[in-house]
Amino acid sequence: MYEPSHFKVEDRDALHGVIRAYPLAIVAAGADGLLADPEPFIAAQARGIVGIEIEIASIIGKFKLSQNRQDADRLGVLNGLSADSETESQAMAGLVKTYGFGHPA
């Protein structure tokens, strides 16, 4: 592949540093070193985004309270939540206790 000398980057560590710092940017070598500009990339991607609107007729929820985990894992979740004094943690502990070990009788 042809690579014009003015685009050639010798310092690969610098190039990788810029790419890590600006992962969505177009990186180019300029007179002042490496330049990272995310705007062209974002503008190009935005042209491909299509918005849709969907009417939701119903939603069905499901409790995910560690039911699929081993007993030791469920007890660890329950003990961890129970040890936390936050109201939300206590509420979740109650739900795990009630539903995480099977449905109540």
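Which residues in H3 meet Ser89, Gln90, Met92, Ala93, Val96 and Lys97 in H4? They are Arg74, Val77, Leu78, Leu81 and Ser82. To meet here is to be in contact, with heavy atoms within 4.5 Å.

Some ground rules. This is a predicted model, where local features need pLDDT of at least 70, side-chain atom pairs need 80 or more, and totals for chains, interfaces and linings use all residues. Numbering starts from 1 along each chain as its sequence is written, and side-chain values use heavy atoms, without hydrogens and water.

Confidence next. The chain averages a pLDDT (the predictor's confidence in each residue, from 0 to 100) of 76. At least 70 is reached by 70% of the residues. Helix H3, residues 71–83, has the highest confidence, at 90. Strand E1, residues 26–30, has the lowest, at a mean of 67. Helices (H or I, at least four residues) and strands (E, at least two) are DSSP runs, numbered from the N terminus.

Now the packing. The axes of H3 and H4 are 8 Å apart, at an angle of about 150 degrees. Axes are lines fitted to C-alpha atoms, for helices over the stretch in contact, and angles run from 0 to 180 degrees between N-to-C directions.

Last, Ser89. Ser89 is found in helix H4, residues 87–99. Its relative accessible area is 13%, so Ser89 is buried (under 20%, 1.4 Å probe, protein chains only).

Key. Buried < 20%, exposed > 50% of the residue type's maximum accessible area, 1.4 Å probe, protein only.
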